[in-house]
Amino acid sequence: MGVSSPHQTLPRLTKILTLSLYAILPLVLLFYLLSPSPIAAPPSTSTSPPHGERQQVVKTATGAPPGTQGSKPAPQCDYSEGEWIPNAEGPRYTGTSCGATIKHEQNCIVNGRPDTGYLNWRWRPRGCALPPFAPAEFLELVRGRHVAFVGDSLARNQCESLVCLLGSEYPVELVLDGGEERKFRQWAFRSHNATVSVFWSPFLVKGTEKSWAPGGLGYSRLYFDQPDERWAAELPGIDVVVLSFGQWFLQSAMYYERGAVIGCHHCPEPNRTETGFFGVFRLAVKNALRDVIARSSAGREKLAVLTTFSPAHFDGEWDSPDACARTEPYAPGEKEMSYMHKEMWRTGAEEATAAAVEARSRGSAVTVEALQVTRLADMRPDAHPGPYFHPFPFAGAGGEKKRERVPNDCVHSCLPGPIDTWNEILLQMVKRWRGASSSR
């Protein structure tokens, strides 16, 4: 058997190396696709950051908060992307078992909604698992602490969901009743000396809200250099604050700072230039998170959560029976998210990131996170009250003809409903925060 010359050996080695490389590349690609991303990024829009600035990306709900890199973090997970899958188990509570807590406009089954399929879906994040809500675990994590929701009616929606989830296993007592509108309420879980509150503040900053009464102020006035003291004054005694707002910025308003007009949306005053609401929404998020950081007691661990924008699903006329009549979630890729919803999501996520950086640079004990629910909510047009935010809306009263046109609520979530998932993610965030705090 002859010996190969160098001229014969070199091409053979080259061929072997080439074939080996082609064999390895698919394995590398498969590993990359199956590995969950450690960073939850809001979707990009056509709006780019100013030249020379880097667009910041918010960390995941369970990503390591600033200053805790030395702790043993829980597995990272991006809960913001995934799909809704059928779930035969259904919710932990009902509109009857938690009827005293749920605002009647969101108590859809009690109000006569005939279909119940919207109750049997569960969010499956892409690349990781989201455990079911565990009342005992949540209450143990917030034992002796105060959890507060601040914002508009979607903040109240999420707060009532949490109270119902916790109350499915533990006694709950309403200790502060906010009246018919339920704008300021507080519940006590005495088994764990824990408190859950809701504070009405649809702009998070000081403002005069638009009046819906005849002859009332037909627009809002917002003062971005002044905090809303109705909630900000309570910050020193709050341990977990969840900010959730945005829908009211779509309404007509005048914007002020240091006594001067800085813009308006659907400008109600003559000779004013429309500025839109994206910029002032960003300013409201920024200022609210700064207040949370600035007003926190020295050394007192606090978790500040920004729930990102939750889209509405009006399809056609607001008083049509089909305004939001879909009975199943959207599948991934079935519906493109609107530019406005992407921009509101991106704005909230970016400002949460910026606030987290600021808290770290100041040596603050505040952890700032973004609870990114925009995609989850956008895929659930089936779970709004629709016409069932009033009891039996199509029934004629006193023998009257059955009504064909009724108002719809295509903004809030039925309770129980998909907003319960927001609190499943919140539990993981609280668990992450408490774990990091105990390791410091």
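Asn193 sits in the loop between strand 5 and strand 6 (194-200). Its phi is near 50°, a positive value in a residue other than glycine. Helices (H or I, at least four residues) and strands (E, at least two) are DSSP runs, numbered from the N terminus. The model is predicted: local features need pLDDT of at least 70, side-chain atom pairs count only at pLDDT 80 or more, and totals for chains, interfaces and linings use all residues. Residues are numbered from 1 along each chain as its sequence is written, and side-chain values use heavy atoms, with hydrogens and water left out.

Pro416 is placed in the loop between helix 7 (374-378) and helix 8 (419-439).

An open sheet of 7 strands has mixed pairing and the order 4-5-6-3-9-12-13. Two strands count as paired if DSSP finds at least two bridges between them. Strand 4 and strand 13 (366-371) form the edges; each has a single partner strand, so one side of each lacks a neighbour in the sheet. Neighbouring strands of this sheet are turned by 20° against each other on average, direction ignored. Axes are lines fitted to C-alpha atoms, for helices over the stretch in contact, and angles run from 0 to 180 degrees between N-to-C directions. Strand 4 and strand 5 (residues 184-189) run antiparallel and are joined by 3 bridges. Within strand 5, Ala188 stands opposite Glu173.

Helix 5 packs on this sheet and touches strand 9 (240-244), strand 12 (302-307) and strand 13. Contact means heavy atoms within 4.5 Å. The direction of helix 5 makes about 150° with that of strand 13. Helix 6 (residues 339-361) also packs on the sheet, touching strand 12 and strand 13. Its direction makes about 165° with that of strand 13.

Strand 7 pairs with strand 8 (residues 220-227) in the antiparallel sense, over 4 bridges. Val205 has Pro227 of strand 8 as its bridge partner.

The whole structure contains 29 salt bridges. The criterion is a side-chain nitrogen of Lys or Arg within 4 Å of a carboxyl oxygen of Asp or Glu. One of them links Arg92 and Glu169, whose closest N and O atoms are 2.4 Å apart. Arg92 lies in the loop between strand 1 (82-86) and strand 2 (121-125), and Glu169 in the loop between helix 3 (153-167) and strand 4 (173-176), so the pair ties together parts that are 77 residues apart in sequence.

A search of the whole structure finds 4 cavities of 30 Å³ or more. A cavity is a set of points, on a 1 Å grid over the protein atoms alone, where a 1.4 Å probe fits but cannot get out; lining residues have an atom within 4 Å of a point. The largest cavity has a volume of about 100 Å³, the volume being the space filled by probe spheres set on the points. Its lining has 13 residues, of which Ser310, Ala377, His384, Ser413 and Trp422 lie nearest its centre.

Notes: 1 Å grid on protein atoms, 1.4 Å probe; cavity = no way out; pocket = protein on both sides within 12 Å on 5 of 7 lines; lining within 4 Å.
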